[in-house]
Amino acid sequence: MNTSLRASAHVSHKGWYSINWNTIQQYVTKLRQRIYRAEQQNQRRRVRKLQRLLLRSKANLLLSIRRVTQQNTGKRTPGVDGYTASQPNERIKLYQELLRRNVFQHRPKPAKRTFITKKNGKLRPLGIPTIRDRVYQNVVKNALEPQWEVRFEASSYGFRPKRSTHDAISNLFNKLNMNSKKKWVFEGDF
């Protein structure tokens, strides 16, 4: 592990804004790519080993805290505990707290229930996890996503990285216009 990643263990000494985010992102990205390749080659033991490495990674923890507390749109929305880490010193405290804990033994708190109005005027229930739960969700997502991306169908678009509704529409448009035979479109919701 290079020095900037080792330095990530001592975030409190340098400050949140002095972290080399590019190096940390590269480290996590390379581990994710290794998981993806190992899954493609059907190397199950290697996939599990790399996933455990990523789950315990300080770099993955730092990136997850950054995403949840700085980048996500709900970064200012607290869960049932009322906690948000909006200041750099709060993020450092959160990092140090979660370093002492273990993602494998984490017990999530209940989600905060709120309702948002839909276009038709009806209310849709929304569960808001705590910041700590969201950080751990992102840590686990980073470890599992590359493995499952290998397994998913090419025609699957829902909740996938670098895929959007417009990609799905474009794919449907192309397939429906290939020839003039009757086609069936099934739309469902799980």
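How many residues in the lining of the largest pocket are nonpolar, polar and charged? Let's take a tour of this predicted model and find out.

## The largest pocket

The count for the lining comes out at twelve polar, eight charged and six nonpolar residues. That lining has 26 residues in total, and the ones nearest the pocket centre are Arg-32, Arg-67, Lys-141, Asn-142 and Glu-145. As for volume, the largest pocket comes to about 810 Å³.

Where does the lining come from? H7 gives the largest share, with eight residues.

## The nonpolar core

Over in the largest nonpolar core there are 29 residues, and those touching the most other members are Trp-16, Leu-61, Leu-62, Ile-65, Leu-94, Leu-98 and Val-135. At least two residues of this core come from each of H3, H4 (44–55), H5, H6 (88–100) and H7.

Setting aside neighbours within four places in sequence, Leu-94 is in contact with Ile-65, Thr-69, Tyr-83, Ala-85, Ile-131, Arg-132 and Val-135.

## Lys-109 and its loop

Lys-109 sits in the loop between H6 and strand S1 (112–117). Why is Lys-109 partly exposed? Its relative accessibility is 48%, so Lys-109 falls in that class, which spans the range between buried (under 20%) and exposed (over 50%).

Beyond neighbours within four places in sequence, Lys-109 is in contact with Val-80, Thr-130 and Asp-133. Arg-132 is 23 residues away from Lys-109 along the chain, and their C-alpha atoms are separated by 9.1 Å.

Terms used: Residues are numbered from 1 along each chain as its sequence is written. This is a predicted model: local features need pLDDT of at least 70, side-chain atom pairs count only at pLDDT 80 or more; totals for chains, interfaces and linings use all residues. Side-chain values use heavy atoms; hydrogens and water are left out. On a 1 Å grid over the protein atoms alone, a cavity is a set of points where a 1.4 Å probe fits but cannot get out, and a pocket is an open set with protein on both sides within 12 Å along at least five of seven lines; lining residues have an atom within 4 Å of a point. Grid points are joined across faces, edges and corners, and a volume is the space filled by probe spheres set on the points. Helices (H or I, at least four residues) and strands (E, at least two) are DSSP runs, numbered from the N terminus. Ala, Val, Leu, Ile, Met, Phe, Trp, Tyr, Cys and Pro count as nonpolar, Asp, Glu, Lys and Arg as charged, and the others, Gly among them, as polar. A nonpolar core is a set of buried Ala, Val, Leu, Ile, Met, Phe, Trp, Tyr and Cys residues joined through side-chain atoms within 4.5 Å. Buried means under 20% relative accessible area, exposed over 50%, partly exposed in between (1.4 Å probe, protein chains only). Contact means heavy atoms within 4.5 Å.
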